Amino acid sequence: MEINLIGKNSHEHAKEKLATMYKDNFTSAEKKEYIPHHKFSQGAYLAMETRDENSPEFLLDAASQIATLGLGFNATALFGTTMHESAWTGNYLDSTFIEIAESFKTLLREKASNDKLTPVFVNSGAEANEAALIMAYMKRAHTGANKIIAFEGSFHGRFLSTLFSTWNPSKREPYQIEGHETTFIDYPETKNDQFILDIDPEWIRLWENPFSPSFEANLKEFESKADDLLKSEIASLKQLHEVLKENTHFAILVEPMQCEGGDRYSTNRFHVALNLIVKSYQVALIYDEVQTGFGLGRDFFWHRTFDLKDSQGNQINPEYITCAKKAQSGIVLTQDPCWENNEFQTSSVIRGYYQAIAIDQLRYKIATIEEYTRNKLNQLISKWDQLSSPRCFGVAFAFDLSDAKDIAPFISNRFDLGLLYYQAGDNTLRFRLNTAWTNEDIDYLFDAINEIANRIYKGETNKLEYTPKTKVNSPNEYLWHAKLVEAFSGNLQDKAAFSFAQKFFNEEFNLELIKIDGENFDYYKHKIEEIQRHTYEPTRQTSIEKFEKIAHCKDSIALALLSETRQLVGISFAGKITHFPHESGLRLVKYFNSPKTLYMLDTTIINMEQSQGMGKYLKYALTLIASANGNEYIYGRNRDIHAGAMLSINCSLGAIIEMKLKENYLDDEEHRDVIIYRQNLRWSNEELKYSTSPILNAASFESMPTLVNKICLSNFIDESFMANLKRFKDIAPKELQHFFTASGHSECVEKIFKSILIKNQKERTKVISFNHDYFGKQSFMSATLSGVLDFYPNSKVDTIGQLKEKLATKDYLALFIGDLLVNFTNEELKEIIKIAHDNGTKVVFNESVYFHNKKKLFSKDHGIIPDASYIHIAGQIGICMLQEEVYESRPLMMISTWDGDAYALSQAVSYLESPADAKKEFKIINDTSYAFTLKAPSIFGNQTSKKWYFTC
Ligand SMILES: Cc1ncc(COP(=O)(O)O)c(C=O)c1O
């Protein structure tokens, strides 16, 4: 299939479909008018539906789904998500999932260069920042401190506290609650990407001790010699210093490079000083790496490029690092978290893990893309006086327009040229590439930007013809992975596996797949040696005796590909691991002694045929056949970086990194470590106790594309998402048919609160709830309502009598009732709603628990209609249902990067439609703790009964 850029067909088709979502204000009319067709997306190109199922059109996404995609669409490594049972069941006690989470932790520690960090998985960027802030608040050194510091130009998300810490007044002010204003400090921006400077050791000593009697004098000394940039850094640090002296702030949020604010860079010199001074005042520093983390820049974490060190040369560690976007899940990294891993989605953590491994292996590719892009960018800027301040680092680049009003035509022309990119700040256009981008794609992108400049500045319009060389082969990935899932779940016989693979190679490459065994080995022996000789240098070649050993062992697997003329084109050999005790590290692996463990000796394709994906499919074939034959594990060794592409393929087969052996290759090349990975070939069907999704033990192939591609629903929704959301409309009371979707329990609460607040024109801000009720815990508002924190204006009551008294003060914006709903009679609830309404208070239900138990809505079942209601269905999907009066329908007022998760929603619908007795495994947890720690009940949930209603 060829890639044709988007045109009328996909646009008109989308308008029709989206109209069904916007009718009667069901959802806000804010989506881009194209409907993704994930199965056909490829690399940098997002496929869009047309009326013809097999003729999609393509969008070149130069924003990489708002920086959430590091490897492109349908990236090989991300298919690894589908290989794990826990991605389908949401079982976060699954032993393989726990291993993945542990392995992810090891990688994140390595990348942050801090082996004490623990990742806490949450659901989104804003939620990660809120969770970090809550932890900082709980541990604050100054008991009176209740304020946050952030920088002018910053963006930290759209939950309340993060929104109040987001600079853009048009986003923040409509929701600002008095008394909860964040203190903003000027941001010392450098208008180029040369942000690593030599730092004077005296500068470090200065900020290390702001209490020194000579501090002011020494600072003056720096100021007297400062250039403009240093002056602005000093001014900002002085402002900060004054604020810190008040002891009223518990945390400072900072992006290492401000993204939404307009790709604003700041220097290592500034960041060293910033880290040092806040440490002196015992204020927690949160590096918001939501957008910059996971390889946007050259380092995995952008702040690591600053090489933060104190005067003794010790690494300075921030108290918190927050991630989301490419991490696919929200993550808080900190040394001693207040809680661990309560509300998150297993599938997204797994996808984030694979994205992290593959991005890390591709750091040289990122450097090459940067170099190529920088040249193109400089050429573009030199052509147009109206464009300035080119900046490029890693896969991020941006430039400014001299006149902010030209932003609008730059944006309105983008789809006409088949592109997606966004504005950031007032007058910046900002781009996010990823490792799937080819030079050809980059050339077209710059030609297209140039063409838009032509249209705007010269009034000339040209048509650009462009058909990328990229070919769509993602349907093949789905074909293979569906088969692999069949095998892993024990539903594929070995003969069927082999004939599936044979048919594939025959049809796709006109090659014959054969098995090599004791009988035919001698015939192929020399050809195997020849392939080795032609492909590898002498030291890298595998000795023929090893191949021979495998060929002669009936429990091993050896495959070969033959051309029409019977030439050997490729081989893949995996043998019983016990044949290879001398391969370094193998005796250390977990399943060395298991009789059903294989070791992946070699997969090679002759040079001429490389780069068509043949090696990958041969590896797929070997895995499929190994699984169908009853094997349980395959181990393999990949040299760090050198074998990065192979590691990506292994990730796509569900590889878990079991260990990394340092200095394993005894040569003088760089990257001598070896990564030992393991593929699990069988799902273990573990007992499912707790789940982050509605329970579904079977994989559903229809939802596979959304399991591989988590896109920004705030921008694009696909057919499955539309259909699935309408299913929930069907079960909602007719009064509550205005929807937002959310990425987690806390985001449901935040969106509903914000919507009611803005509709009330902020005349009231106070919330009220019953003691021991539950509304999530990963935002300040959720935690306030759940009675964990007393942060936002609120009251708590125990009885209806007390509630009546409070409501009579006419002080309250909203009353929230959650798990306790079922404790009241219908009459009591009706009375509560009436009193609330008589006093101008809106009523919100959390119907999650009822839904999980009954697959129905409490409100509809009981005929009791609140003003707004929500169900947090699972992991990264929640549905908010509001009455029109409290529904903020204006576009883009409620969005966040993900706005939920299409895969989780499809799981939810399968649950909804499953037989009545198929229940989501929903548990009331009695202070359970286990290896993958669940400590929440001690700080969250019902404080009296010590029961904690688990609804994720
Ligand atoms: C730096 C930064 N922090 C936080 C967020 C909020 O993340 P989310 O939209 O997942 O809540 C964003 C989103 O763009 C971001 O760029």
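Reader: What volume does the second largest cavity have?

Author: Rolling a probe the size of a water molecule over the atoms shows where empty space is left. On a 1 Å grid over the protein atoms alone, a cavity is a set of points where a 1.4 Å probe fits but cannot get out. Grid points are joined across faces, edges and corners, and a volume is the space filled by probe spheres set on the points. Here the second largest cavity comes to about 80 Å³. This is a predicted model, where local features need pLDDT of at least 70, side-chain atom pairs count only at pLDDT 80 or more, and totals for chains, interfaces and linings use all residues. Residues are numbered from 1 along each chain as its sequence is written, and side-chain values use heavy atoms, without hydrogens and water.

Reader: Which residues line the second largest cavity?

Author: Lining residues have an atom within 4 Å of a point. Among them are Asn146, Lys147, Ser161, His180 and Tyr792. The lining divides into 4 nonpolar, 5 polar and 2 charged residues (Ala, Val, Leu, Ile, Met, Phe, Trp, Tyr, Cys and Pro are nonpolar; Asp, Glu, Lys and Arg charged; the others, Gly among them, polar).

Reader: How many cavities of 30 Å³ or more does the structure hold?

Author: There are 7. Of its 17 lining residues, Glu30, Lys31, Phe739, Phe740 and Thr741 are the closest to its centre.

Reader: Which domains each give at least three residues to the lining of the largest cavity?

Author: Domain 1 (8-76 + 364-458) and domain 4 (712-917) do; the bounds come from an automatic or database domain assignment.

How values were computed
On a 1 Å grid over the protein atoms alone, a cavity is a set of points where a 1.4 Å probe fits but cannot get out, and a pocket is an open set with protein on both sides within 12 Å along at least five of seven lines; lining residues have an atom within 4 Å of a point.
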